[in-house]
Protein chains: 2
Amino acid sequence: MRAPAVHRRRDLPDRVRIYEVGPRDGLQNEAAVVPTGTKVEFIERLVAAGLRTVEATSFVSPKWVPQLGDADSLFPMLPARADVRFPVLVPNLAGLERARAVGVDHIAVFAAATETFSRRNLNRSLDEAIEGFAAVVGEARKAGMWVRSYLSMCFGDPWEGEVDVSQVVDVALRLVGQGCNEICIADTIGVATPGHVHDLLDSLVGAGVATSDMAVHFHDTYGQALSNTLAALEAGVTTVDSSAGGLGGCPYAESATGNLATEDLVWLLSGLGIETGVDLEALVATSAWMGDQLGRPSPSRVVKALQERSAPERSEP
Amino acid sequence: MRAPAVHRRRDLPDRVRIYEVGPRDGLQNEAAVVPTGTKVEFIERLVAAGLRTVEATSFVSPKWVPQLGDADSLFPMLPARADVRFPVLVPNLAGLERARAVGVDHIAVFAAATETFSRRNLNRSLDEAIEGFAAVVGEARKAGMWVRSYLSMCFGDPWEGEVDVSQVVDVALRLVGQGCNEICIADTIGVATPGHVHDLLDSLVGAGVATSDMAVHFHDTYGQALSNTLAALEAGVTTVDSSAGGLGGCPYAESATGNLATEDLVWLLSGLGIETGVDLEALVATSAWMGDQLGRPSPSRVVKALQERSAPERSEP
């Protein structure tokens with residue numbers, strides 16, 4: 001079977017917006033630099049497959065992330081379509097200026113819910129980091145931009161262990177207060193389970209954050225990403241992050257099992273009769289093609305299964 | 001983190017019985033024959049890790065499945081423990097006699113929900129196959145044995161496509177009528193999604209099959225196994241099949257992604273505060289050891305993640 005049977009559930013939304021992170025989050029950790037033209041073709045194919053929100057690149061310093069050092073030249077090469085959003089990551093005011101200079105109108109900033117991760121990843125205390133975003137978010141909103149804030153380590157932190165729901169809610173409210181349009185609740189190390197997802201999302205709703213202003217971003221490190229996504233849909237969230245072909249995670253590990261694969265997500269949503277606008281066959285072909293560019297197969301189970309079905313019959317027993 | 005934070009959900013059961021299929025379903029397709037002593041050690045380690053139902057082997061003809069041709073000598077070597085069940089697969093009356101001769105008291109028969117699969121896999125029509133089980137189930141029940149019937153292809157069939165819920169219910173009722181103690185609803189090709197799981201299980205309940213007499217057996221071919229398990233728990237099922245380390249599936253494929261990995265299931269259930277009695281660290285160590293015996297790493301994401309955390313620090317960037 002090349003598509004699941006459709007069985008709707010009344011407690012789930014009719015439509016989900018997939019926020020595709022492959023070109024940025026997926027490629028960011030690749031050791032070998034991918035040519036700009038290949039990245040543009042990747043993004044064009046994702047759009048052709050029906051994705052309407054594609055995080056395209058990052059305006060961090062090229063010194064930090066050489067792979068995305070071509071952001072200034074890549075962005076103007078993207079297709080100009082009114083129905084597609086190309087958000088980009090912006091770490092600070094310098095990045096915001098570079099993004100504005102090439103016509104960016106959707107940005108994402110990158111906050112964390114824990115003190116230790118903030119100090120280790122952003123080299124600042126949690127308070128300093130959150131305060132530091134105020135200027136970026138304020139400037140961007142004044143310029144008419146749409147702003148997402150990632151909130152990483154919302155469930156567990158490699159140094160602190162379990163993260164309190166109340167701490168995540170506190171940081172999320174500060175980001176909403178700064179004017180962010182969307183808060184992306186991220187399980188950066190993949191430890192969450194569905195009850196934890198319900199508890200956090202329900203607490204955020206209780207604190208006044210609308211589910212329409214939330215997104216979820218799950219990692220599949222412990223195989224839990226899709227179950228947690230189902231829990232988030234049950235809680236009313238309708239924006240879900242995923243990475244075409246499951247790109248991302250640690251490129252040095254034998255099998256990169258970082259991001260939830262967009263294909264596995266689309267299989268779930270299709271089976272539930274939830275509209276995404278995505279053509280699964282075109283998406284699988286895109287991820288297979290990108291796997292060829294990177295020289296290794298996609299870790300997505302749907303990509304593997306549908307590619308194997310497409311391959312000529314083998315004579316093995 | 002080596003275990004998830006615990007967040008209970010009131011709509012889920014307090015306790016789940018894991019029906020471990022690794023030694024039979026997991027090893028069955030392995031090309032290289034595993035020595036009997038290694039199989040016994042595998043089973044002993046699974047029991048030591050807290051598993052209390054372990055499908056140990058199959059009394060099919062050794063001509064069909066040479067890997068499990070040592071069933072008669074293996075079974076008497078298993079630990080004699082009143083608190084552990086060791087069901088075995090039995091295909092016919094000849095297999096039942098062999099099983100009785102070595103003291104088996106829990107068996108499983110293998111039915112299918114579709115005509116085409118029955119003809120291709122069992123070489124009989126669906127009606128003939130179901131009728132053929134009546135004698136085996138009847139004899140076994142008369143001898144005081146506990147009987148499970150697998151029901152494969154409950155969601156999709158490679159030749160027929162989607163399988164009607166009503167057809168599955170019909171076959172399940174016939175098996176229950178024969179005296180089977182447990183019906184294991186299996187998604188053999190891994191195509192199910194959570195709405196389909198709800199619809200089928202609700203229909204079975206509506207037809208009079210108690211959830212306490214059901215088990216579920218999901219394959220991860222399209223990455224959906226754990227989400228479907230969550231849906232089954234929501235529907236009230238409390239027996240879930242899985243395979244230690246994710247053993248099983250097609251050994252010729254690059255990464256065997258057949259059975260749901262017991263470790264990934266235990267991570268989910270632990271996070272939901274659902275008791276299983278399983279010691280995750282001991283189980284991961286067992287699957288890592290078995291992977292060494294088979295000469296390839298476990299496809300379980302939890303096994304990979306916890307093994308990598310255990311490895312010495314690497315100097316890679």
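Residues are numbered from 1 along each chain as its sequence is written, while chains are lettered from A and ligands numbered from 1 in the order in which they are written. Because this is a predicted model, local features need pLDDT of at least 70 and side-chain atom pairs count only at pLDDT 80 or more, whereas totals for chains, interfaces and linings use all residues.

**Exercise 1.** Determine what rotation superposes chain A on chain B.

**Exercise 2.** Describe the side of chain A that touches chain B.

*Solution.* Residues are in contact if their C-beta atoms, placed from the backbone, lie within 7 Å, and the contact takes 43 residues from chain A and 43 residues from chain B. Several elements of chain A each supply at least two residues of this side, including helix H8 (194–206), helix H9 (225–234) and helix H10 (262–271); helices (H or I, at least four residues) and strands (E, at least two) are DSSP runs, numbered from the N terminus. By class, this side has 18 nonpolar, 14 polar and 11 charged residues, where Ala, Val, Leu, Ile, Met, Phe, Trp, Tyr, Cys and Pro count as nonpolar, Asp, Glu, Lys and Arg as charged, and the others, Gly among them, as polar.

**Exercise 3.** Work out how H2(A) and H10(A) are each oriented against H11(A).

*Solution.* Take H2(A) to begin with: its axis and that of H11(A) come within 9 Å and cross at roughly 165°, the axes being lines fitted to C-alpha atoms, for helices over the stretch in contact, with angles from 0 to 180 degrees between N-to-C directions. H2(A) is therefore roughly antiparallel to H11(A), a term for angles over 145 degrees. In this packing A:Phe42 and A:Leu46 are among the residues of H2(A) that meet H11(A), whose residues include A:Thr286 and A:Met290.

Turning to H10(A), its axis and that of H11(A) come within 10 Å and cross at roughly 170°, which means that H10(A) too is roughly antiparallel to H11(A). Here the residues of H10(A) include A:Val266, and those of H11(A) include A:Leu283 and A:Val284.

Methods: Copies are superposed by least squares on the C-alpha atoms of residues with pLDDT of at least 70 in both. Angles under 35 degrees count as roughly parallel, over 145 as roughly antiparallel, 65 to 115 as roughly perpendicular and the rest as oblique. Two residues are in contact if their C-beta atoms, placed from the backbone, lie within 7 Å.
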